[in-house]
Amino acid sequence: MSKEKPSIPKGTRDFGPAVVVKRNYIFNTIKRTFEKFGYLPLETPAMEQLSVLTGKYGDEGDQLLFKILNSGDFLAKTKAEDIEQGYKHLTRKVSEKGLRYDLTVPFARFVVMNRNEITFPFKRYQIQPVWRADRPQKGRYREFYQCDADVVGTNSLLCEAEIVQMINEVLTNLGLTDFTIKINHRGILAGIAEAIGEKGREGDICVAIDKLDKIGQEGVRKELLERGIAEEAVSKLEPLYTLEGNNEQLLEQLQTILGNTEEGQRGLKDLSEVWQYLASLNSKALTAKNESDNPRLMLDVTLARGLSYYTGCIFEVKVNNVSMGSISGGGRYDNLTGMFGMPGVSGVGFSFGVDRIYDVLEELQLFPNSSQVGTKVLLVQFDKESEMHALPLLQKLRDAGLASELYPEAAKLKKQMGYADQKNIPYVILVGSEEIATGKLKLRNMQLGEQQDLTIEEIISELTK
């Protein structure tokens, strides 16, 4: 019988201990901030009823749903019927469930099902894997984690201001300093399109303008014309290319460009209110490291993520000193729960891209040593007497909160020290006959190569400073 070579499904990944520890460092940093702002954890099942998922992500999204086949008696009983019917409705009969595609639709379903038990406004965060039957490629997986935070049941723009604060706090706590939180408003985009006589064409307009840095003003003009934007309208967009100044100055300039467009004025009003909240909160996102720097929160009139989905403020976050796409994004949406028969529930939310954040921290070498260490102390033994003497010492170290382990065999010293090296264990305690006799243990700092003779109490005091 031939042995099968082990493998995992395409688009999925194993994470070894070193990677999991670093990922948990990111997750825990995010969780602490979410909970600090009053968000509560939520978990939903990996699989949902197919009726919950279909029709929520468009035709393309429906094609990427992982459908789960019914099994056992149900499938057997329907087989004859399906043959008679020429396999009509076969998909519906053999598949009634699917793996969740994102965390937003399950969240909306949860809110509707539990509307009488939860308190509105309802703040929740959710960190769980999702699945998409996409074509696997670099940076695109079939199984990956999403990290969402949403508040529903309120129109208050305080929520948008707090999202800016949370993004700023999480990334700062992760050691990032050079990043920009871009903000815009769906109303401003709609107002621009209306002001130049191309109402409803904001998507085409913004896709082209977003390339200004790459293809220049003439290149943008050419693309707009190719997209069917009238030449007169294209000319009216030119003032957007020269917008400059701080956020307040940009809002003033947009006041002139947008004129009396209702949607545009709504957008300007909302953004001004967000800035007022942040100023009252003394938000660090509004300050710069020095006079030559911009504040981290910047108005970007070309930001146009999810136009068909978002209805108010929209966000996107980029780290400036690495070549990487956005690491976070989100915005306000109306009628989140309307798809399940509970209309009129407004909300705002955003998501961190944990995989991209991981790559950024790795590239910039920002993972702290503490996020890379599991065991802090290894006790080395030499024989049965040594092992028995080491056991109560091991317990004392653990009682003191020090992650410790005893090498489980009386192996050669070189092998045990190699084990400590491979696991990046920073300290080793030697427990030999001399140490047993004197009560003084040898504590070796694996990074510095230094060694001290100390009692177990002195070791604990040293390592818990």
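**Pockets and salt bridges in a predicted model**

Let me begin with the largest pocket, to whose lining α1 (17–36), α3 (58–63), α6 (104–113), β6 (143–152), β10, β11 (347–352) and α15 (354–363) each give at least two residues. The helices (H or I, at least four residues) and strands (E, at least two) named here are DSSP runs numbered from the N terminus. This is a predicted model, in which local features need pLDDT of at least 70 and side-chain atom pairs count only at pLDDT 80 or more, while totals for chains, interfaces and linings use all residues. Residues are numbered from 1 along each chain as its sequence is written, and side-chain values use heavy atoms, with hydrogens and water left out.

The space in this largest pocket comes to about 1,900 Å³. A pocket, on a 1 Å grid over the protein atoms alone, is an open set of points where a 1.4 Å probe fits, with protein on both sides within 12 Å along at least five of seven lines, and its lining residues have an atom within 4 Å of a point. The volume is the space filled by probe spheres set on the points, which are joined across faces, edges and corners. There are 50 lining residues, and R132, F144, Q146, R305 and S351 lie nearest the centre of the pocket. By class the lining divides into 20 nonpolar, 15 polar and 15 charged residues, where Ala, Val, Leu, Ile, Met, Phe, Trp, Tyr, Cys and Pro count as nonpolar, Asp, Glu, Lys and Arg as charged, and the others, Gly among them, as polar.

The second largest pocket holds about 970 Å³ of space. Of the 29 residues lining this second largest pocket, K182, D210, D300, T302 and L303 are the closest to its centre. Its lining takes two or more residues from each of several elements, including β7 (179–185), α10 (212–226) and β9 (313–319), while α9 provides the largest share, four residues. The lining of the second largest pocket has 14 nonpolar, five polar and ten charged residues.

I turn now to the salt bridges, each being a side-chain nitrogen of Lys or Arg within 4 Å of a carboxyl oxygen of Asp or Glu. By this rule the model has 29 salt bridges. In one of them R332 pairs with E160, with the closest N and O atoms 2.6 Å apart. This pair links distant parts of the chain, since R332 belongs to strand β10 (residues 328–333) and E160 to helix α7 (residues 158–173), 172 residues apart. Are R332 and E160 buried or exposed? Both R332 and E160 are buried, a word that here means under 20% relative accessible area, with exposed being over 50% and partly exposed in between (1.4 Å probe, protein chains only).

As for helix α7 itself, 13 of its 16 residues are buried, so α7 is largely enclosed by the rest of the structure. Its end C-alpha atoms are 22 Å apart, in agreement with the 22 Å that its 16 residues should span at 1.5 Å a residue, the expected span being 1.5 Å times one less than the number of residues. Just after α7, G175 has a positive phi of about 95 degrees.

A second salt bridge joins E273 to K269, with 3.9 Å between the closest N and O atoms. Both residues lie in helix α14 (residues 262–280), four residues apart, or about one turn of the helix. An α-helix has 3.6 residues a turn, so residues three or four places apart point the same way. E273 is partly exposed at a relative accessible area of 24%, whereas K269, at 56%, is exposed.
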